[in-house]
Amino acid sequence: MYNGFTIRHTSMEDYDRILELYSRARRFMKETGNPTQWSDNWPPVELIKEDIEKGDNLVCEKDGIIHGVFAYFQGLDIDPTYLVIEDGAWLKEGEYGVVHRLAGSGEEKGVAEAALNWSFAQCHHLRVDTHADNKVTQTILEKLGFVRTGIIYVKKDNSPRIAYEKV
């Protein structure tokens, strides 16, 4: 249990709820001053299905209700986006975990903290990135001890993201 949430891998039975969470997250970002991140219906349904099929998609569940979703990956150089970092440097080389596509329902507090703490427990070297306008996520990351390490560029559109790391 993490922050009262059970973290588990998803199945296609969770798909509709996951789509609801991402839709809500896109609205929330716009409402909180982050109008461009995920504005193009990110993440695409094909990627969500691929994450589920590969076992990389997880949910945060409480009392049988899914309140959060995220993708988690772990390995060596697993994210090509992180191969080049500007205006800084990664704190540590070697195998690391990555959290992507984190979204919550807004119905329960602590979803992001649960997902990030679970991910850090899997691999005590975690990297995350977020948009400069995503002040909510930046605040959560800094509260949890992540260090701002530089700027990376998202491969799909070459847009900059603030890189964070926790070791």
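1. The expected span of a helix is 1.5 Å times one less than its number of residues. The model considered here is predicted. In it, helix α1 (residues 15-31) has 17 residues, and from its first C-alpha to its last it reaches 25 Å, close to the 24 Å expected at 1.5 Å a residue.

2. Which residues of α1 are buried? They are Tyr-15, Ile-18, Leu-21, Tyr-22, Ala-25, Arg-26 and Met-29. Because these residues cover an arc of only 140° around the axis, they lie on the same side of α1. The cover over the buried residues of α1 includes α2 (45-54), β2, β3 and β4.

3. On the face of α1 turned away from its buried side, the exposed residues are Asp-16, Lys-30 and Glu-31.

4. Strand β2 (residues 57-62) runs antiparallel to β3, and 6 bridges join the two. Within this pair, Ile-66 in β3 stands opposite Glu-61. The two strands form a hairpin with 2 residues between them, and Asp-63 in the turn has a positive phi of about 55°.

5. How many bridges join β3 to strand β4 (residues 96-104)? There are 7, and the two strands run antiparallel. Phe-73 has Val-98 as its bridge partner in β4.

Conventions
Residues are numbered from 1 along each chain as its sequence is written. This is a predicted model: local features need pLDDT of at least 70, side-chain atom pairs count only at pLDDT 80 or more; totals for chains, interfaces and linings use all residues. Side-chain values use heavy atoms; hydrogens and water are left out. Two strands pair if DSSP finds at least two bridges between them. Helices (H or I, at least four residues) and strands (E, at least two) are DSSP runs, numbered from the N terminus. Buried means under 20% relative accessible area, exposed over 50%, partly exposed in between (1.4 Å probe, protein chains only). The arc is that of the directions from the helix axis to the C-beta atoms. Contact means heavy atoms within 4.5 Å.
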